[in-house]
Amino acid sequence: MILENQEGAYSAITQNLTYRRYTTKRSSKQPGFLRVSWHENKTQLSVSGSVRAQLKRRPLVQTFTSWKAPVIWEGMFDFNLFDQRHAEENSSVALTVFAVGRYLDAYLKTFLTSAEQHFMLGLPVTYYVFTDSPEKVPNITLASQRNIKVIQVQKHARWQDISMMRMRTISEIIESEIRHKFRYVFCFDVDQEFKGRFGSEALGDSVALLHAHYYKLPKAQFTYDRNPKSKAFMETGDFYYHAAIFGGLWQNVKHLVDACYLGIIEDKLNNVEALWHDESHLNKYFWIHKPSKLLSPEYCWDQSISDKRDILVTRLVWAPKHYDTLRSG
Ligand code: UDP
Ligand code: MN
């Protein structure tokens, strides 16, 4: 299904336009082809090649948003170019993950060992693991330039609060530590397993993930918060984003988690809770502050979905959910 007119996106790009951070020029070396370059804060990345070719390689899925942010699908880009640029720019990545209560035993080891095989290989990575039981964090063999830091957090009584309060904890660790050491931050749910490359092509100023269950559905079916009393209330939006993964430059992630946390706290003061908790607030945030890059559901796939035609590579999959035995409160 083509969600947007890709030729329209293409012709907008060919008008030599400058739109937000994105600039394109006709390539003098390859007449008729385009060189795409964009500025990631002070880091300039460029990807040579034909935009038309990139669009044509994945004709059945949406590869650019209306605001010209790319949606990363297998086959669109030569990922080696991203790796080279990020190595030259000394990009570094902090990953945050929470394993509180029974989620630690159930998911953390698989998450971390699979991340070591697939997540941002070749770049310096530190895993910030937040848990109420630091002594139970498994010993994982890490490759060079990769570290793990375990930080104790309290266990909120309700699972909804465990999930929502991540926003505050992430803000605090960015402020106290990540901002001094890393350019990028990626925040992950723990109940997932890496299965394929999840590399530097996913890095960007502000990165959101298309939810596997909603990327093909009409907007009317998106499960945004519809309660006008909640700060997460929205009537319409661009996409339904999945809160299991978000990331970007630390400055932007800090802004995101602060905004979501403020919304969550204001809701608590008003005695309301958004329909899907932190995910509802995240969707509201990305509606107001458009992400600069979207990850396709190849980056977070639910294997129980029967229509897999668009999924050429599964890079990360949902782990089985056993809410009845794992959640508390
Ligand atoms: N979480 C946790 N312990 C809990 C509940 C949640 O550690 O008891 C963390 C964990 O990282 C989890 C995330 O919060 O992946 C979001 O919760 P969950 O995965 O249950 O939400 P869903 O995937 O159903 O939206
Ligand atoms: Mn989850």
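This is a predicted model: local features need pLDDT of at least 70, side-chain atom pairs count only at pLDDT 80 or more; totals for chains, interfaces and linings use all residues.
**Entry 1: cysteine 187**

I started with cysteine 187, which counts as buried at 3% relative accessibility; buried means under 20% relative accessible area, exposed over 50%, and partly exposed in between, with a 1.4 Å probe and protein chains only. Residues are numbered from 1 along each chain as its sequence is written, chains are lettered from A and ligands numbered from 1 in the order in which they are written, and side-chain values use heavy atoms, with hydrogens and water left out.

I placed cysteine 187 in strand E9 (residues 184-188); helices (H or I, at least four residues) and strands (E, at least two) are DSSP runs numbered from the N terminus. Setting aside neighbours within four places in sequence, I found cysteine 187 in contact with Thr96, Ile170, Ala244, Ile245, Phe246 and Val253, where contact means heavy atoms within 4.5 Å. I also checked tyrosine 127, which is 60 residues from cysteine 187 along the chain, with 9.9 Å between their C-alpha atoms.

**Entry 2: the manganese ion**

Next I looked up ligand 2, a manganese ion coordinated by Asp189 (OD), Asp191 (OD) and Asp191 (OD) at 2.2 to 2.5 Å. Donors here are N, O and S atoms within 2.8 Å of the metal (3.2 Å for Na, K and Ca), and water is not among the atoms, so sites may look incomplete. Aspartate 189 is buried at 17% relative accessible area, and aspartate 191 is buried at 7%.

**Entry 3: helices H7 and H8**

I then turned to H7 (residues 250-269) and H8 (residues 278-288), whose axes come within 9 Å and cross at roughly 125 degrees. That makes H7 oblique to H8; under 35 degrees counts as roughly parallel, over 145 as roughly antiparallel, 65 to 115 as roughly perpendicular, and the rest as oblique. The axes are lines fitted to C-alpha atoms over the stretch in contact, with angles from 0 to 180 degrees between N-to-C directions.

I listed the residues that meet: among them are Leu256 and Ile264 in H7, and Leu282 and Phe286 in H8.

**Entry 4: valine 313**

Last, I found valine 313 in the loop between strand E13 (293-295) and strand E14 (316-318). Valine 313 is partly exposed, at 24% relative accessible area. Not counting residues up to four places away in sequence, valine 313 touches Glu74 and Glu298. Glycine 75 lies 238 residues from valine 313 in sequence, and 9.7 Å away C-alpha to C-alpha.
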